[in-house]
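Open the model in your viewer and keep the selection tool at hand.

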Amino acid sequence: MSLEGTDDMSLEAMFSSLHDIHTAQQVTLSELNTKLEKMRFDMRVVDDKMKSELEENSLLSKELVYLSQEVSRLKTTVIEDQIKKIDQLTNEKYNELRKIEKLKNQNERLHHLKKEKTVATEVHRMKINEINYMFVDDSDFEKIDKQIKES
């Protein structure tokens, strides 16, 4: 490209125009660099926020696992306690039933002994009457007959 036919004014206008274009490009480049730095900063903020949220989620996940295990342990403990209470109540009821059965057996034995005593008392009374009858003379019979008739 040759500049021979152009006058100084034209050259200066071209130079000024090129300078203006260069300045505009510098300003645009500077603005783009500023926007790029702002975007990088925003990306670091977002990245830090995501890392923080990931750490928080990890901690929450660990806490959730711990709480789940704790709930499971507590359920197991409650069930074991209920089983122990049921066993204890069952043993108490079994012991009460055994006591009732013993009392029932004792009552039956007492009833049987009472019958035996009644029979023995009757036999004893009959023997006494027999013995008394042997020693009673005829006048005593008359008195006894008279007493029986009066009663």
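Is Glu96, by its relative accessibility, buried, partly exposed or exposed? Select Glu96: at 40% relative accessibility, this residue counts as partly exposed. Here buried means under 20% relative accessible area, exposed means over 50%, and partly exposed lies in between, with a 1.4 Å probe and protein chains only.

A word on the model. This is a predicted model, where local features need pLDDT of at least 70, side-chain atom pairs count only at pLDDT 80 or more, and totals for chains, interfaces and linings use all residues. Residues are numbered from 1 along each chain as its sequence is written, and side-chain values use heavy atoms, leaving out hydrogens and water.

**Stop one: Glu96 and Lys93.** The term means a side-chain nitrogen of Lys or Arg within 4 Å of a carboxyl oxygen of Asp or Glu. Both residues lie in helix 1, three residues apart, about one turn of the helix. Helices are DSSP runs (H or I, at least four residues), numbered from the N terminus.

**Stop two: Arg73 and Glu70.** Select this pair next. Their closest N and O atoms are 2.5 Å apart, in a salt bridge. They sit three residues apart in helix 1, which spans residues 8–134. Arg73 is partly exposed at 43%, and Glu70 is partly exposed at 23%.

**Stop three: Glu122 and Arg125.** Move on to this salt bridge, 2.4 Å from N to O. Glu122 has a relative accessible area of 35%; for Arg125 the value is 41%.

The salt-bridge count comes to six.

Technical notes:
Helices (H or I, at least four residues) and strands (E, at least two) are DSSP runs, numbered from the N terminus.
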